[in-house]
Amino acid sequence: MNIISQIIIVIVALLHLYFLWLEMFVWTTKAYKVFRNFPKDLFEKTKTMAANQGLYNGFLAAGLIWSLFITDVVWSNNIALFFLTCVSIAAIFGAYSISKKVFYVQGIPAILGILSLIFLK
């Protein structure tokens, strides 16, 4: 895997670890500063749901990080492509269902990672 792809994968993984932290650990104390369009009175009511979303973000980050430690280049690229595609699909759905900002924050980096894996061999 090339260094540019690795850097992008680390960035995407760190973003998803940040989302995990926000959604699982500080949903009712700090997340309202990030999710400003979400009504403040719903943070406590949706704490469990947000924690579940955070867990999924953690799985995405774990898969991306795992791809960096696989020594077989073909497998490493395939695993990275799978998880980056998952992130991209989630970002497209988020743009459709929540806000276009979701696509810019999550989708663009993931798509750049996919493109770097495909074209920068």
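In which helix is the place of N57? N57 lies in helix α3, which covers residues 47–69. The model discussed here is predicted.

- Apart from neighbours within four places in sequence, N57 is in contact with H16, F19, L20 and E23.
- The C-alpha atoms of N57 and A13 are 8.8 Å apart in space, while the two residues are separated by 44 residues in sequence.

**The form of helix α5**

- Helix α5 consists of residues 100–119.
- The 20 residues of α5 should span 28 Å at 1.5 Å a residue, and the distance of 27 Å between its end C-alpha atoms agrees with this.
- Helix α5 has a kink of about 40° at G107, shortly before the proline P109.

**The buried residues of helix α5**

- The buried residues of α5 are V102, Q106, G107, P109, A110, G113, I114, S116 and L117.
- An α-helix has 3.6 residues a turn, so residues three or four places apart point the same way.
- The partners against which the buried residues of α5 pack are α1 (3–24) and α4 (73–97).

**S116 in helix α5**

- S116 belongs to helix α5, and its relative accessibility of 5% is why it counts as buried.
- When neighbours within four places in sequence are set aside, the contacts of S116 are N2, I4, S5 and I8.

Notes
Residues are numbered from 1 along each chain as its sequence is written. This is a predicted model: local features need pLDDT of at least 70, side-chain atom pairs count only at pLDDT 80 or more; totals for chains, interfaces and linings use all residues. Side-chain values use heavy atoms; hydrogens and water are left out. Helices (H or I, at least four residues) and strands (E, at least two) are DSSP runs, numbered from the N terminus. Buried means under 20% relative accessible area, exposed over 50%, partly exposed in between (1.4 Å probe, protein chains only). Contact means heavy atoms within 4.5 Å. The expected span of a helix is 1.5 Å times one less than its number of residues. The bend at a residue is the angle between axes fitted to the seven residues ending there and the seven starting there.
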